[in-house]
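I opened the notebook to record what I looked up in this model, one entry per topic.

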Amino acid sequence: MQWETVIGLEVHVQLATRSKIFSGASTAFGAEPNSQACAVDLGMPGVLPVLNEAAVAMAVQFGLGIHAEIPEVSVFDRKNYFYPDLPKGYQTSQMYHPIVGPGEVEITLDDGSIKAIRVHHAHLEEDAGKSLHEDFHGMTGIDLNRAGTPLLEIVSEPDMRSAKEAAAYLKAIHSIVTYLGISDGNMAEGSMRCDVNVSVRPKGQEAFGTRAEIKNVNSFRFVERAIAFEVERQVELLEDGGEVVQETRLFDPERDETRSMRTKEQANDYRYFPCPDLLPVMLDQAYVDHLRDNLPELPADKRARFQKALGLSAYDAGVLSASREMAEFFEQVKDVCGDAKQAANWVQGELAGALNREGLPIQNSPVSAPQLGELVARVIDDTINGKAAKQVFQALWNGEGGSADEVIEAKGLKQVTDTGAIEAMIDQVIADSPAQVAQYRDAEPDKRGKMIGYFVGQVMKASRGTANPQQVNGLLKEKLDALC
Amino acid sequence: MHDKTLTELAAGLAAGEFSSRELTESLLARIERLDGDLNSFITVTPEQALAAADAADAARARGEAGPLTGLPLALKDIFCTTGVRTSAGSKMLDNFVAPYDATVVEKLQAAGTVSLGKTNMDEFAMGSSNENSFYGPVKNPWDGAAVPGGSSGGSAAAVAAGLVPAAMGTDTGGSIRQPAAFCGITGLKPTYGRVSRYGIIAYASSLDQAGPMARTAADCAHLLGAIAGHDLRDSTSVARGVPDYTAELEAPLSGLKIGLPKEYFGEGLDPDVERAVREAIRVYESLGATVREVSLPHTHYAIPAYYVIAPAEASSNLARYDGVRFGHRCDAPADLTDLYKRSRAEGFGEEVQRRILMGTHTLSEGFFDAYYKKAQQVRRLIRQDFLDAFDEVDVLMGPASPTPAFDLGAKKDPVSMYLQDIYTIAINLAGIPGISVPAGIVGGRPAEGRPVGLQILGTHFAEARLLNVAHQFQQATDWHLRRPALAEESL
């Protein structure tokens, strides 16, 4: 039987506010345990939450970024359950009236086509603390630094049909939130995690199969691997005549498998009800409009513009708009050199290669965008040839010189286009190479094309790479053929 | 000195008749002498009190005294106080010392008042008799066999016994007004949102409100002015200016339109209480007020709605008492579940456990719509009843409680206790202010009798009007000046 995979994602994005969602404590990562938890985060008796406006603004920005409805009123609810790292015995979340309504995220499929993944809603909530099981000799330590960190939970519709689509969706969310600057998107530090809902159904069947929820998957790669394992497990189960049980599972990256955590029967009854300590959030149109007017250009719009206005290929446009840093770098290079295609080639070619070799993100590139832009401009205006350009790039990479022009000047890489000077070099090379000249003359005319390479090389060497290669080629051919 | 009102004591301090230290020492001595039997305090804080009194005297000497500087009072043990235990009347918090002050406490300190200590209360403010306290019941100063009411029973008894001229209480379903009525003092529950809830241990967040309890409406006006106002730490406090609540106390009542909700004079109302309340209404008529009957048709749904909403919120608010970070923790827990179960079973009293169970049940999947949602709908109807009534009349009046103070141990089943709040509970659901003023003394033994409270209700933020109406009654009557003859003093 042919099986179809159905996937929905709940992505938790940690918002980049300075303080927590309901208290003034810092959200900085990596502090001493419990040094960033105030009385509110600790759930002390009598203390009250106060909503952080920055978290609201960020959630709305996300909503606008996925063209979602932004309801006028949203309400915080309490999700009640006991756990040692949940100080109040409830998590403040939004169950019934989330801050962001239905929207859409576009992903690019392998064949280059675009697929829209529907977002059901996104809601604000507070993170819990962390339970630490190591180093406490059979006891559990609790670190509440993370308690109260603002999260935006983005809930998709079950619109994805493969692990690849799920990873692409997660990357698209990552790209949107980092473009907006509302999250650092750092998955290793837990700034983005997701719960994956997976089910399978016979191809052609409309009804969904029973799903399993895989909790807390925290990398693009793990998402693909967890889904791959889970699909295989479910298909095997069904083909053996078994049934998939609705349950929560954990992905173990070390064993590359998912394991049952709790079944539906063991699920908590969270007893949601509106939090009486917080007022409903009322967003007036002016506030939303203001945020909308100040929204940066988002990946999908950027990609479209790169294709349409700049004439880049779908592939180039996709790569260059994937991250805000990449797009900004590319656009700066383009603005300085004035040629989008050349800029795209250099950013994706020489620069990307060097960055990859050193494992550097583009924002830490030793060659700045203006430097690269000037370099490309010098190629375009024929000041230097391609070979010299690589030398200049390497010099800039190594920090030898502040600008392309400086390097060109210092290294004397300016292209020689003076016909007289090139002819003089050619005459010298011909004079110094009687044997090669004789070979050339004796060869069949259709073999001579290949043999000219030697002479070009010698002339370029003589010019220390600065001679214009096209001119060298043309003049050499003329002179050698004259000797035949 | 213990018979004086706050206003009189303020005048004495201002005139230099006595210092805050002398006043404080005198009251501390009185607490020492009388409270062993009364049990109105959980914690007395003489050192802090004397230090605050000295600071107040010093401020006065520098010419920096405000109207409340140097005046002693007490705090219900539900207001968090830095460095002094805040127990909420519970074994759960017997070891809890907050590292912060409630906003009300901060404001009272800033006004220069002197706290003598923390008063007894029903555990987590759940109760109407003060019998649900881990620290034992409080006696009614008028009659040692009677309860002082609850949950702010300690505050009411301490004021009635002359241990303090005023005390702070909280009111979720009548917890200021009913004990004020039982103890013959004046108690005001402000509009929800008028006073910050920050640092007040939560029972039911959408209903809890702090307010003053004192001998007179004028004293309450002074105190409300000190504690009211918007607080950035409480999102449900209202950003609205605080008027001078004493400014309109003397305004005449001619033309005042009083409504008597017919539902507040029906079955279950003690005839002596009804007589006293109707007599008080006649006093108002003599002051130029007009009286008419009104109806609050959804009144009989108030108690059921309250006992859905309040326990639901409480079940969530009290989840933080899990034995993990503070409060009672059971000995040698076997595992996490054991830690939770035993810490909570040992730390919480019976009534608190009952309400947590009720609230957990009504919020459960499958019951939420039938209970919680329905109760919220009822709540809106109740609120609308009041708003409709206030289109017709300026204030509503009726009894604060269907009976005078009942005997300790008299109410065994919880429902009969819940019915005590029949006239006060709807006010919290509607969020409006209410005040209870002494309006008679009935029954009891020949020499003593038990006080009756008249409850006066106004629309949202009509505190100034309520205080004016209450004050004018106190200018025309002397019920608020009556004092119980304490057994120890008659010896």
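I looked up the contacts of B:K76 first, counting two residues as in contact if their C-beta atoms, placed from the backbone, lie within 7 Å. Leaving aside neighbours within four places in sequence, B:K76 is in contact with B:T119, B:M121, B:S152, B:G154, B:S155, B:A167, B:M168, B:G169 and B:T170. B:K76 lies in strand β2 (residues 72-76) of chain B, where helices (H or I, at least four residues) and strands (E, at least two) are DSSP runs numbered from the N terminus. I call a residue buried if 20 or more other C-beta atoms lie within 10 Å of its own, exposed if 12 or fewer, and partly exposed in between, with C-beta atoms placed from the backbone. B:K76 has 32 such neighbours inside 10 Å and therefore counts as buried.

I note that the model is predicted, that local features need pLDDT of at least 70 and side-chain atom pairs 80 or more, and that totals for chains, interfaces and linings use all residues. Residues are numbered from 1 along each chain as its sequence is written, while chains are lettered from A and ligands numbered from 1 in the order in which they are written. For chain B the mean pLDDT (the predictor's confidence in each residue, from 0 to 100) is 96, and 98% of its residues reach 70 or more.

Next I turned to the record: an unreviewed UniProt entry lists B:K76, B:S151 and B:S175 under "active site", in an annotation that may be inferred rather than shown by experiment. The three span 100 residues in sequence, yet no two of their C-alpha atoms are more than 11.0 Å apart, so they gather at one spot. I found B:S151 in the loop between β3 (114-119) and α5 (153-160) of chain B, and B:S151 counts as buried because it has 35 C-beta neighbours inside 10 Å. Not counting residues up to four places away in sequence, B:S151 touches B:M121, B:D122, B:A125, B:M126, B:G127, B:N130 and B:S175.

I then examined helix α4 (residues 103-110) of chain B, whose buried residues are B:T103, B:V104, B:V105, B:K107 and B:L108. These buried residues pack against β2, β4 (166-171), β6 (209-214) and α7 (217-227) of chain B. Just after α4(B), B:G112 takes a positive phi of about 90°.

Last, I looked at chain B as a whole: 59% of its 491 residues count as buried, and residues 24 or more positions apart account for 76% of its contacts with a separation of 6 or more.
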